[in-house]
Structures are given as C-alpha cells and as structure tokens.
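Dear colleague,

Please find below the structure for your work, followed by a summary of what was found in it. The notes begin with the strands and then turn to the domains and individual residues.

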Amino acid sequence: MTDSSVMFGFDLTRVENTRAARKTKMHTFKKSFTQQMPISESAIASAVEVMRTGRLHRYNTVNGELSEADLLDKQFAKYLGVTYCLSCASGGYALYIALLCAGVKQGDAVLCNAFTLAPVPGAINNAGGEPVLLETTEDLTIDLDDLANKIAQSGAKVLLLSHMRGHIADMDAVMAICEHGGVALIEDCAHTMGADWNGKKSGTFGLVSCFSTQTYKHINSGEGGFLVTNNDEVMAKSIIYSGSYMLFDQHPTLPPIETFKDIAKGTPNFSGRMDNLRAAILRPQLAALDAQCERWNQLYRAMEKALSIVNGIRLTQRHANEHFVGSSIQFSLPDFSPEQCAKFVIRCAARGVSVKWVGDSQPSGYSSKYNHWEYLEGFAPLPNTERVLACLIDMRIPLTFDESDADSIAQVISEVLETL
Ligand SMILES: *Cc1c(COP(=O)(O)O)cnc(C)c1O
C-alpha cells in the first residue's frame with residue numbers, strides 16, 4: 001500500500017511540474033526550506049579543540065576540569081533559570097526518562113496532545129504508558145475543557161504537554177487544572193526553546209521539561225536534547241538513567257548527594273548521554289540563542305504580514321501572553337476540500353514552496369497526524385482535532401531566508417490558491 005501511494009505521489013508531482021513549467025508567468029521560489037545556517041567558526045574551533053584532546057566522553061575529565069557537556073548543563077540551567085539540567089542524546093530520550101521520573105509505570109494513562117510529533121507518543125510507549133489524546137483548538141493548543149474532562153475520566157497522573165509548532169496554551173489555566181487534578185506536568189519544549197508565557201520561560205512550568213537540539217530545532221547539534229527540573233529526586237534519577245555509572249557526583253548541577261542513596265544502585269542505566277563534541281558546538285549557539293530567536297520573529301512577522309492579505313487563508317492566532325519563536329508558521333485553508341489541499345501542496349512544491357499538509361490521509365515526511373501512528377489504540381474520537389488538522393498547512397521558516405522572501409512565497413501561495 002505504501003509503495004504504490006509513494007509512486008502515485010511521484011507521478012502526480014511530475015505531471016504538476018510539467019504544467020507549472022508551461023505557465024511561465026507564474027512565480028517560483030528558489031531557496032531551500034530545509035537549509036540550516038552553518039555552524040559558526042567559533043563553534044567549529046571548540047569542536048576541533050575537543051577532538052585534539054581525544055576526550056569526547058563527558059566523564060573523561062582530568063584534574064577536576066569541567067567537560068564541555070558539564071559546561072553546557074550549567075549554561076542551559078542558567079539560561080532557563082532552573083536548578084538542574086542534564087544534556088541528553090536526544091529530545092525523545094529526555095522525554096522518555098522524564099516520564100519514568102514522573103512515575104509512569106506499565107499501563108498507566110498519560111495525557112498528551114493529539115497534534116504533536118511522533119517522538120511524543122513514542123516516548124510514552126517506550127515508558128510503558130498509554131497515551132490519552134487531547135483535542136486541539138483552532139489555534140493549535142490543547143483544549144483545556146477536554147484536559148479537565150479526560151483527567152477525571154482516565155485517572156491519569158501525568159500530562160506530557162507538547163508546545164507543538166511553538167503554540168503555547170494558557171499556562172496559568174493549564175497549571176490550575178493540573179494542580180486541581182493532582183497531575184504532574186512534563187513540558188515538551190522542542191519548539192519553544194527561547195519562548196515564554198507572560199514573561200515566564202517555557203520549560204519552567206513543569207515538574208520536568210525537555211528540549212531538543214536536533215538539526216531542525218532552535219540550536220543544532222545533529223542530535224541531542226536537555227532535561228531540566230528543580231526537583232532533586234527527578235534530577236538524581238535522570239542522571240543515573242542517562243548512564244552516569246558511579247560517576248554521578250561529577251555533575252555540575254548536582255542534587256544533594258544523599259538524594260542518590262537508594263537511587264544510584266536502584267535505577268537502571270539506559271545510556272542516553274550527551275558527548276563533548278556536540279556540547280562544544282551547542283555552547284556558542286546557546287550564547288546566540290536570543291538573537292537568533294529575534295531574527296526568527298522578524299522573518300515570522302514578515303511572513304505573517306505577507307500571508308495576511310492572501311484570500312482564502314486563516315493564520316493561526318496567538319494569545320497576547322505568548323512570546324513564541326517563529327521558526328515555523330501555520331495557516332489553514334478552511335474553504336478547501338482534502339483534494340484541493342493535496343493539490344495545493346503539490347503545486348506549491350512545483351513552484352519551489354515547500355509546505356506540509358498536516359491533514360493528509362497518508363503519512364509522509366514528518367507526519368503529525370495521530371491516526372498515522374497505528375500502534376496507538378483505544379482513544380476516543382477527536383472531532384475537533386480532525387476538523388482543525390483537515391485543512392492545516394505548516395511551513396518552516398529557516399534562518400537562511402530574508403524578510404524579502406516572504407513576499408515571493410506569499411505570491412506563489414496566492415497564485416496557487418487561484419488555480420484550485
Ligand atoms: C523534534 C521533536 C521532539 C524530539 O526530538 P528528537 O528528534 O528526539 O531530539 C519532541 N517533540 C516534538 C514536538 C519535536 O518536534
């Protein structure tokens with residue numbers, strides 16, 4: 001089934017490409033939507049320095065020095081204003097151990113967004129939990145009434161809240177609902193590194209929060225992630241889970257040593273450490289993060305302005321308290337059928353504008369549709385999520401774009417919409 005639909009997809013694209021070429025009057029866009037900024041020379045220099053020492057493993061230190069991974073833990077904890085940070089092998093790994101630290105056991109219900117990315121239900125599955133999917137609002141945050149109802153119905157004690165595509169739910173309301181229901185919050189901040197809600201940084205609300213430093217996120221080490229918390233026991237367990245052996249006391253953001261009393265020998269090692277090479281290229285990027293986020297927001301505002309005058313588009317709205325990072329933009333095509341949405345994506349691609357249709361019935365690329373993850377079962381119907389995702393379009397905003405690109409992209413989108 002998958003093979004034939006993939007082939008069908010290719011054929012369609014070729015037909016569309018030919019058609020687009022014939023209509024020479026139409027605009028095309030030339031830049032890549034998946035091209036990252038290069039790693040800075042200072043980051044390259046510090047990576048080379050680490051390689052010269054040969055000591056790439058985070059615990060391979062001499063004379064009490066702090067390794068690059070140690071320095072990164074300290075730097076990110078300070079950036080966020082939290083007590084503890086543990087750099088990890090990936091964001092998905094950090095989510096997995098965060099769930100275990102929050103007490104998730106085999107068969108436990110775990111609340112999470114229906115609109116998210118595969119590593120989120122994947123982490124719950126890895127921890128033995130059963131995802132309870134939450135409805136999605138028009139503006140792509142979790143539905144808070146559904147949260148309250150499903151806490152009551154499922155008896156779940158953990159909410160894994162994904163700030164998906166950087167959209168932040170009303171965090172004051174989320175916290176109140178969680179406290180009332182005795183639910184621990186884990187934040188998935190893969191898309192909100194550098195963002196805040198009403199002046200409080202994303203990732204400082206939960207019992208534990210996780211970030212990703214994978215290439216498509218806000219700082220780039222290929223693979224990587226952070227787990228942050230203010231809780232002694234969560235940090236002690238995370239350090240042991242991540243594979244510290246009996247070297248846990250080397251950590252620069254270390255809970256009181258007595259916290260490890262039963263934890264050090266009673267917690268398995270799942271080997272998910274960050275190494276010094278990645279840490280070395282992340283530290284200069286972290287120092288430049290706020291400036292990068294500001295640049296993203298300039299590009300976002302230019303894109304938003306250009307798209308706001310295109311007929312047929314509804315831009316996702318943002319709450320005034322939400323200080324997001326505009327590394328991607330979402331809009332919907334409420335008047336268009338699934339067939340038209342499919343054509344929209346193909347015709348945009350033929351003109352160099354790469355967008356994702358979230359509501360596609362077939363999984364492709366970085367699919368974010370919950371029913372594409374067939375191992376998930378037994379969840380209630382999600383009519384609002386279905387309606388919202390059915391006509392939702394997602395577009396990356398790489399830092400390699402300029403503000404003037406926004407008009408060219410909006411021009412292509414507008415022309416394509418007229419052909420539907
Ligand atoms: C990227 C991502 C993650 C986890 O990322 P890794 O690739 O495992 O580092 C988690 N949640 C969301 C929403 C993501 O986009």
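Glutamine 330 stands opposite aspartate 394 in β14.

This is a predicted model, in which local features need pLDDT of at least 70 and side-chain atom pairs count only at pLDDT 80 or more, while totals for chains, interfaces and linings use all residues. Residues are numbered from 1 along each chain as its sequence is written, and side-chain values use heavy atoms, with hydrogens and water left out.

A further open sheet has three strands in the order β7-β6-β11, again with antiparallel pairing. Its edges are β7 (200–201) and β11 (322–323), each with a single partner strand, so one side of each is left without a neighbour in the sheet. β6 and β7 run antiparallel and are joined by two bridges, and tryptophan 197 stands opposite lysine 200 in β7.

Turning to the domains, the protein is divided into domain 1 (41–287) and domain 2 (289–419); these bounds come from an automatic or database domain assignment. Taken over C-alpha atoms, the centres of domain 1 and domain 2 are separated by 27 Å. In domain 1, 39 residues are in contact with 37 residues of domain 2, contact meaning heavy atoms within 4.5 Å. The two domains bury about 3,300 Å² between them, with 55% of it on carbon and sulfur atoms. Buried area is the accessible area (1.4 Å probe) that two parts lose on being put together, summed over both. On the side of domain 1, Glu135, Arg165 and His218 lose the most area to domain 2, together 19% of what that side buries.

Between domain 1 and domain 2 there are three salt bridges, a salt bridge being a side-chain nitrogen of Lys or Arg within 4 Å of a carboxyl oxygen of Asp or Glu. Arginine 387 forms a salt bridge with glutamate 138, with 3.4 Å between the closest N and O atoms. The elements that give two or more residues to the side of domain 1 that touches domain 2 are α5 (119–126), β3 (130–134), β6 (196–197) and α10 (276–287).

The structure as a whole holds 16 salt bridges. In the one between arginine 58 and aspartate 70, the closest N and O atoms are 2.8 Å apart. Arginine 58 lies in the loop between α2 (41–53) and α3 (68–80) and aspartate 70 in helix α3, so this pair ties together parts that are 12 residues apart in sequence.

Finally, glutamine 214 is found in the loop between β8 (208–212) and β9 (225–229). Not counting residues up to four places away in sequence, glutamine 214 touches Ile219, Asn220, Gly222, Glu223 and Gly224. Glutamine 214 and alanine 190 are 24 residues apart in sequence and 8.9 Å apart in space, C-alpha to C-alpha.

With kind regards

Methods: Helices (H or I, at least four residues) and strands (E, at least two) are DSSP runs, numbered from the N terminus. Two strands pair if DSSP finds at least two bridges between them.
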